[in-house]
Structure formats: C-alpha cells, structure tokens
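Subject: Structure handover

Hello,

Here is the structure for you to look over. My notes on it follow below.

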Amino acid sequence: MVGHMWTLGTHLRDRILVPPAPPSLPWRGSVEDAKLGRVSLSGYLSLVPGAKTLVVIVHGLGGSAESGYCRRAARVCTALGASALRLNLRGADLSGADLYHAGLTADVHAALTSAVAASVDRVVVLGFSLGGHIALKLAIEAPPRLAAVAAVCAPLCLARSCAHIDAPPSAFYRAHLLRGLRAMYMAFARRHHQPAEILARAKQAKTMRAWDALVTAPRHGFSGPDDYYEKASAGPHLASIRVPALYVAAAGDPMVALADIEPALAAASPAVEVRVLPTGGHVAFPRTLDLGIAATLGLEAQVISWLLKGS
C-alpha cells in the first residue's frame with residue numbers, strides 16, 4: 001500500500017505542481033532507421049558553462065522529456081555543475097516520427113555521438129523505468145563515449161514485467177500506460193497512414209501484451225510479443241556489463257515487482273551496484289533518504305552525484 005501511495009501521490013503532485021526545469025534550449029537530432037529512413041529526435045538541453053559531464057536523461061514508458069522526474073533530474077544536474085540533455089525517445093514528443101521500444105538504444109546512441117556530447121569529457125546516462133532498462137542495454141553494448149549509467153525502477157525481464165502489469169491489481173497503472181502509448185501511436189498513424197483495422201484494434205487493446213502483439217512487435221520486426229520480450233530484455237545479460245552502473249529499486253514498487261528483478265540482479269556483474277530502498281514507489285521516493293552515496297540528499301542528487309564521480 002505504501003508503494004501505491006508514493007507512486008500515485010508523486011504523479012498527482014507533478015501534474016498539479018509541475019517541477020521546474022532548468023533553463024533549456026530545444027535539442028534536435030536524428031537516427032537512421034531501416035524501415036522509415038531518417039527519424040527525427042528531440043529533447044531539451046540545459047548547458048552549464050565549463051561542464052565536464054553531460055547527463056543524458058531518459059524517460060519511462062508513456063512519459064517524455066517533460067515528465068516531472070526528468071525535469072527534477074535536469075535541475076539537479078545543473079546545480080551540481082553538469083549539463084543535462086532530457087531526451088525524448090522517438091515519438092514521445094507526439095511528433096509521429098516513430099515508436100520506441102524497451103530495447104531500442106539507437107536514440108541514446110545518437111545523443112552520445114551528438115555535437116554537445118563531443119564538447120564534454122564524459123557522457124553518462126540516467127534512465128527512469130523503461131528508460132532505465134534502455135540505459136542498462138546501452139551499458140551492455142558499451143559504446144566508447146559511455147562513462148556510466150544509472151537505472152531507477154527499471155524492469156529487467158520484460159515478460160515478467162508485462163505479466164505483472166497485465167494482472168488485475170495493476171489495472172490502473174496499465175490503463176495509464178496504454179493511454180500514453182495510444183496518444184503516441186495515433187500521432188504515428190496520422191503521419192505514416194496505418195491501416196484502419198489496426199487503428200481500431202489499437203484503440204481497444206486492454207493489455208500490454210495485446211499492445212505489443214499489435215503494435216510493438218510488428219513495427220520493430222519481432223515475430224510476436226514473446227520474441228520481443230526475449231530479445232529486448234536486459235536482465236539476462238547484466239553479467240556482461242563492464243561500464244559502471246547503478247541500479248535503484250523500491251521494495252514496494254507497484255509497477256516493477258522486486259521478485260521479478262531479483263534473479264537478474266543476483267547474477268549481475270560486479271560493475272553493477274544495487275540499492276533496494278525499503279520505502280518509496282515507482283520512480284517516487286522521499287525527498288530525504290540515504291542510498292549510502294551522499295548522505296541524506298534526495299534520490300536525484302545522490303544518483304547524479306554517483307554518476308559524476310570522476311568528473
């Protein structure tokens with residue numbers, strides 16, 4: 001129950017009192033896609049003069065660069081002397097450019113190789129929920145410019161996480177996620193002229209598995225949801241991570257169950273530091289807590305302080 005209170009309370013607070021973001025400029029990028037050609041990317045860039053580190057911040061499923069947790073994280077980055085890029089995964093800005101999925105790292109690769117990334121000494125990635133999963137996938141791939149990653153409340157086994165969200169107790173969260181996904185897909189459909197039958201079925205999808213079968217898997221070349229979950233999941237590959245990585249979870253997270261992530265975390269490489277907090281919810285934590293990183297600072301400040309080690 002406490003996890004639900006933290007999750008829902010923080011979400012409601014962020015909708016009513018939108019967290020302030022630091023001064024930002026629009027950021028534009030692009031990535032080449034095998035099916036669609038050149039796909040545009042967007043985001044918000046907060047530059048700190050003389051900063052040695054750029055923190056790329058990646059949102060969760062159904063979120064965007066304007067999500068409250070992304071705005072808070074960017075503000076902490078600039079306060080600690082780092083520049084921040086709040087990245088919209090493809091389509092999250094409702095431009096209709098394309099659709100992302102949990103294992104698609106190409107958009108973050110584009111940020112890592114952008115001009116702003118080339119202007120700093122270190123580039124690190126901070127991902128929340130699905131964005132945290134993508135951050136871990138990136139750490140597995142270990143591109144040359146990646147110095148460290150942090151994942152907050154990230155799923156690790158996509159099949160288990162999908163089954164958890166599709167279970168009756170998660171109905172509210174599932175409806176929220178599908179609402180965001182539908183808005184993104186409708187924008188994509190308008191731009192790329194999707195068949196009327198698929199549009200109608202997408203509007204009626206009631207589970208994440210149905211959505212992935214109808215939209216995610218066909219768009220990205222998977223044979224079905226099981227193929228997608230197996231090939232895209234980061235969990236089975238955490239043992240191969242050599243890039244410094246931090247994983248933060250809440251024991252009572254109602255959206256990413258601790259039992260579903262513990263097996264993968266137990267098999268992770270020594271490069272992955274794990275912190276499981278006894279309080280908090282999904283991407284929602286007390287303002288003052290102790291991760292054992294920087295005593296009694298808020299979550300964002302402690303995680304970003306960890307990422308900035310060596311800057």
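The structure holds 13 salt bridges. A salt bridge here is a side-chain nitrogen of Lys or Arg within 4 Å of a carboxyl oxygen of Asp or Glu. This is a predicted model, where local features need pLDDT of at least 70, side-chain atom pairs count only at pLDDT 80 or more, and totals for chains, interfaces and linings use all residues. Residues are numbered from 1 along each chain as its sequence is written, and side-chain values use heavy atoms, with hydrogens and water left out.

Salt bridges

Start with Glu66 and Arg71. Their closest N and O atoms are 2.6 Å apart. Glu66 is partly exposed, at 36% relative accessibility. Arg71 is buried, because its relative accessible area is 15%. The cut-offs are these: buried means under 20% relative accessible area, exposed means over 50%, and partly exposed lies in between (1.4 Å probe, protein chains only).

Next comes the salt bridge of Asp226 with Arg209, with 3.0 Å between the closest N and O atoms. This pair links distant parts of the chain: Asp226 sits in helix H10 (residues 225-232), Arg209 in helix H9 (residues 208-220), and they are 17 residues apart. Helices (H or I, at least four residues) and strands (E, at least two) are DSSP runs, numbered from the N terminus. Asp226 is partly exposed at 46%. Arg209 is partly exposed at 36%.

Glu273 and Arg275 form another salt bridge, at 3.2 Å between the closest N and O atoms. Glu273 is partly exposed, with 27% relative accessibility. There is also a network of salt bridges. It links Asp33, Arg90, Asp98, Asp107 and Arg219.

The sheet

An open sheet has 8 strands, in the order E1-E2-E4-E3-E5-E6-E7-E8, and the pairing is mixed. Strands E1 (25-33) and E8 are the edges, each pairing on one side only. Two strands pair if DSSP finds at least two bridges between them. From one strand to the next, the twist averages 20°. Axes for such angles are lines fitted to C-alpha atoms, for helices over the stretch in contact, and the angles run from 0 to 180 degrees between N-to-C directions.

Look at strand E7 (residues 245-250). It pairs with E8 in the parallel sense over 6 bridges. Ala249 stands opposite Val276 in E8. Strand E6 (residues 146-152) also runs parallel to E7, joined by 4 bridges. There, Val149 has Ala245 in E7 as its bridge partner.

Is E7 buried or exposed? Of its 6 residues, 6 are buried, so E7 is largely enclosed by the rest of the structure. Both faces are covered. Ala245, Tyr247 and Ala249 are buried on one side, and Leu246, Val248 and Ala250 on the other.

A buried glycine

Gly280 lies in the loop between strand E8 (272-277) and helix H12 (299-307). Gly280 is buried, with a relative accessible area of 2%. Beyond its neighbours within four places in sequence, Gly280 is in contact (heavy atoms within 4.5 Å) with Gly3, Trp6, Ala250, Gly252, Phe285 and Pro286. Gly280 and Met5 are 275 residues apart in sequence, but 8.4 Å apart in space, C-alpha to C-alpha.

At the surface

Ile16 is found in helix H1 (residues 2-16). Ile16 counts as exposed, at 61% relative accessibility.

Best wishes
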